[in-house]
Amino acid sequence: MKYQNYINGEWVGSADGKTFEQRNPANLEQVTGEWPKSTREDAGQAIESAHAAFAEWSGIGVHKRAEYLSRAVTVMKGQTEQIAAILTEENGKTLDESRTEVGSAVREMEFQIAQGLAMCGETAPSATPGVFAYSVRRPVGVASIISPWNFPFNVPGRKCTPALISGNTIVFKPASLTPKAGKAFVDVFVEADLPPGVLNFVCGGGGTVGEEMINNPLVEAISFTGSTGTGKGIQQSVAQALTRTQLELGGKNPVLIMEDADLDKAADAVAKAAYACAGQWCTSTSRAIVVREVAEAFEARLLERVRALRVGDGSSEGVDMGPVCGTEQLESITGYIKIGQEEGATLAQGGRRLTDDGMDRGCFIEPTVFTDVRPHMRIAQEEIFGPVLSVLVAEDFDEALEIANRVEFGLSSSIFTRDISRAFQFLDKTEVGLAHVNMMTAYREPQLSFGGVKSSGHGIPEAGKTGIEFFTEHKVAFINYL
Ligand code: NAD
């Protein structure tokens, strides 16, 4: 099946007609679609279309915009099963994980629509008699939305909705591994009759389409989710133009397990957040830091759960973990497994590519656990972005916290303890944007902001009340009425 870009309300191919194929990571023999390998010119056209649509869309008022977006949410809810099947076919996650992703997108959108309706500036008493002072929020203009492949439906929902409800127009680029999920997102807006030019969709590479979306002078805001390396490159590119950026980047998320923890709950939470979506979750748990006193007992519980995970095609019933998303991911993750062994960590579980029962046609990896990991090792420092967990042992809380913070990332973290004082000390000192007590690192809710610190994020965070903040600017006015 051959698919197209969506520019100015029309489905169109790329200017030079070039295409690329995307394949099902559970079965690489299955082509899921042929997509435009768009050029910078295609992206430029989409940006111009968004620019042309801005005056009308920003002028129709927030209630009318909310009507369009609410209609899109209704369509989305009614198509959950079809969209979930697309996510599984293209990304590899299990059908349950895909359904959860669509449900999360719905909730993110509902909250941001409500936020848009409540969007307001402020009034303040003026220092000068007879002067009335107030501020309003205005949309910034054309926003570039650049999405990764791991949450190819929810991430655009989280970014596009606050942008659109506050009056901006958009060019959206999906990751090349997941264009069909991106198209499924755009389709619901097409069905909701969104006016032409308000939401444009361009498939293609980061070095072409992405570069244009970063550097075109008509673009006023860039909301990007992806790897830290790409995010830093984007920030450098826009330094001269001062384009506003919102960068949601990688993580190396730790869970601390204290001597008083409920070890079963801790093992459940670590096993869930380390291997859900095959570990390709920015808030996945990638490090378990356990105090020596309970290390053996925790590891036994953890390994029991990891060994019980059933790996297979995400579209089959009863599968806990699907394939990783494509051959590059497969090579990168198996490369890290080799690095871990060379560094001297103990491969306590997994570590192999799975090839039985037809799995050789896809990108399947065993859920993997390394123990005896030391904090300086690459598998303890770098984002692996796959089903590979590093278990580290600390002498006490202070050392565990120090190890947890000694990485370049700062996205999410958690502690398992029954000691309220220690929990608050952890919350105070953990260097992340999202912290938990007795919960998995991947837990979050749409009504609160979501963003990392250190090399995990930059700019105003997504979601919650800050979702709209990023896509609006404040204009202050003074009126002399005497
Ligand atoms: P990536 O950086 O390779 O690509 C992300 C997107 O950027 C893709 O659409 C890609 O085509 C585009 N891109 C690449 N080069 C570009 C350039 N020069 N200019 C503009 N766009 C460019 O990341 P990925 O492999 O798709 O995603 C995985 C990463 O995303 C992981 O590091 C993960 O932690 C991170 N992530 C973070 C969050 C978060 O909220 N913090 C959420 C999901 C994923």
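Visitor: Which residues are buried in α5?

Guide: In α5, the buried residues are N154, V155, P156, G157, R158, K159, C160, T161, P162, A163, L164 and I165, where buried means under 20% relative accessible area, exposed over 50% and partly exposed in between, with a 1.4 Å probe and protein chains only. Since 12 of the 12 residues of α5 are buried, this helix is largely enclosed by the rest of the structure. Helices (H or I, at least four residues) and strands (E, at least two) are DSSP runs, numbered from the N terminus.

Visitor: What should I know about the model and the numbering?

Guide: The model is predicted, so local features need pLDDT of at least 70 and side-chain atom pairs count only at pLDDT 80 or more, whereas totals for chains, interfaces and linings use all residues. Residues are numbered from 1 along each chain as its sequence is written, and side-chain values use heavy atoms, with hydrogens and water left out.

Visitor: What span should α5 have at 1.5 Å a residue?

Guide: The 12 residues of α5 (residues 154-165) should span 16 Å, and the end C-alpha atoms are 17 Å apart, which agrees; the expected span is 1.5 Å times one less than the number of residues. Just after α5, G167 takes a positive phi of about 105 degrees.

Visitor: And what does α2 pack against?

Guide: The buried residues of α2 pack against α1 (40-59), α3 (80-91), α4 (95-117), α5 and α6 (179-191), with contact meaning heavy atoms within 4.5 Å. Those buried residues are V62, R65, A66, Y68, L69, A72, V73, V75 and M76. Helix α2 (residues 62-78) has 17 residues and reaches 24 Å from its first C-alpha to its last, close to the 24 Å expected at 1.5 Å a residue.

Visitor: Switching to the ligand, which residues come nearest?

Guide: Of the 26 residues around the ligand, S147, K173, S227, L249 and E383 come nearest, where a residue is near a molecule or strand if one of its heavy atoms lies within 4 Å of it. By class, the shell divides into 12 nonpolar, 9 polar and 5 charged residues; here Ala, Val, Leu, Ile, Met, Phe, Trp, Tyr, Cys and Pro count as nonpolar, Asp, Glu, Lys and Arg as charged, and the others, Gly among them, as polar.

Visitor: What lies 2.8 Å from an oxygen atom of the ligand?

Guide: A polar backbone atom of S147 is 2.8 Å from an oxygen atom of the ligand, and an N or O atom in the side chain of T230 is 2.8 Å from an oxygen atom of the ligand. Taken alone, the ligand exposes 850 Å², and the protein buries 86% of that, with accessible areas coming from the Shrake-Rupley method with a 1.4 Å probe; for residues, only the protein chains shown count as cover.

Visitor: Which element gives the largest share of the shell?

Guide: That is α7, with 4 residues.

Visitor: Where is L242, and is this residue buried or exposed?

Guide: L242 is in the loop between α8 (228-237) and β11 (244-248), and at 72% relative accessibility it counts as exposed. Phi of L242 is near 60 degrees, a positive value in a residue other than glycine. Most residues other than glycine have a negative phi.

Visitor: What about K454?

Guide: Phi of K454 is near 50 degrees, again a positive value in a residue other than glycine. K454 lies in strand β20 (residues 453-454) and is partly exposed, with a relative accessible area of 35%.

How values were computed
A polar contact is a pair of N or O atoms within 3.5 Å; within protein, one must be able to donate a hydrogen and the other to accept it, and residues adjacent in sequence count only if both atoms are side-chain atoms.
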